[in-house]
Amino acid sequence: MKQIPIVLKRIEVTQFVPAKGAAHVSLWFQHTAPHMMQWWITPGDKDAYVEKIMKEIKQFVKTFHPTEFHGDDVNDILASHSIIVFDKQDETEEKLNMFIGKLLEKLKAFHSTKTSEGYIGKVISFEKMGIDF
């Protein structure tokens, strides 16, 4: 059984659409090669977003490592399977949780803003959001 580690590198807001109250988030990671995935985030459940992101990354990586039986593996079913795991699982999930939580708080605060005071500053603050893992 092979173990394939996924190392998250960076997550950041790459675009903010004030009219929709949505942020476009990009996440860079590496398993055998560097990759990037993107999601639109709107106010919602933080845990659901974190779970969705981690699940989609694992599914993406799994497409690069299909289960195949060949040679001596025909008799050893486990040898042909791969386990996809996140490097430093707890720390990675904690940082991702923290980032998504802050982003959702900012989105909710922006959505509830009734005046134009500080509008440009709030929009710019989304574009500077990012965290390294």
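**Group meeting: a walk through the fold**

For the cut-offs, exposed is over 50% relative accessible area, buried is under 20%, and partly exposed is in between, with a 1.4 Å probe and protein chains only. Lys88 sits in the loop between β4 and α2, and although Lys88 is not a glycine, it has a positive phi of about 55°.

Before going on, a word on what we're looking at. This is a predicted model, where local features need pLDDT of at least 70 and side-chain atom pairs count only at pLDDT 80 or more, while totals for chains, interfaces and linings use all residues. Numbering starts from 1 along each chain as its sequence is written, and side-chain values use heavy atoms, with hydrogens and water left out.

Now the overall picture. There are three helices and five strands in the protein, and from the N terminus on they go β-β-β-α-β-α-α-β. Those are DSSP runs numbered from the N terminus: H or I of at least four residues for helices, E of at least two for strands. The protein has 133 residues, and 34% of them are buried. As for contacts, which here means heavy atoms within 4.5 Å, take those between residues at least 6 apart in sequence: 57% of them join residues at least 24 apart. The exposed surface comes to about 8,300 Å², with carbon and sulfur atoms supplying 53%; that's the Shrake-Rupley method with a 1.4 Å probe, and for residues just the protein chains shown count as cover.

Next up, the inside. In soluble globular proteins, nonpolar side chains tend to be buried together. Here the largest nonpolar core has 32 residues, and the ones with the most contacts inside it are Leu27, Ile41, Ile57, Phe99, Ile100 and Leu103. Two or more residues each come from β1 (2-17), β2 (22-30), β3 (34-41), α1 (46-62), β4 (82-86), α2 (89-111) and α3 (119-127). And which element gives the most to this core? That would be α2, with seven residues. By a nonpolar core I mean a set of buried Ala, Val, Leu, Ile, Met, Phe, Trp, Tyr and Cys residues joined through side-chain atoms within 4.5 Å.

Pick Leu27 out of that list. Setting aside neighbours within four places in sequence, Leu27 is in contact with, among others, Leu8, Ile11, Met37, Trp39, Ile53, Ile57 and Leu96.

Let's look at the helices. α1 has 17 residues and reaches 24 Å from its first C-alpha to its last, close to the 24 Å expected at 1.5 Å a residue; the expected span is 1.5 Å times one less than the number of residues. Its buried residues are Tyr49, Val50, Ile53, Met54, Ile57 and Val61. Why do we put them on the same side of α1? Because they cover an arc of only 125° around the axis, where the arc is that of the directions from the helix axis to the C-beta atoms. As for the buried residues, what covers them includes β1, β2, β3, β4 and α2.

Met54 in α1 counts as buried because its relative accessibility is 8%. Beyond its neighbours within four places in sequence, Met54 is in contact with Phe86, Gln89, Glu93 and Leu96. Met54 and Val85 are 31 residues apart in sequence, and their C-alpha atoms are 10.0 Å apart.

On to α2, where 23 residues should span 33 Å at 1.5 Å a residue, and the end C-alpha atoms are 32 Å apart, which agrees. Its buried residues include Thr92, Leu96, Asn97, Phe99 and Ile100.

Last stop, the strands. The side chains of Ser26 and Gln38 are joined by a polar contact of 3.2 Å. A polar contact is a pair of N or O atoms within 3.5 Å; within protein, one must be able to donate a hydrogen and the other to accept it, and residues adjacent in sequence count only if both atoms are side-chain atoms. His24 lies in β2 and is buried at 12% relative accessibility. Over in β3 there's Pro34, which is exposed with a relative accessible area of 64%.
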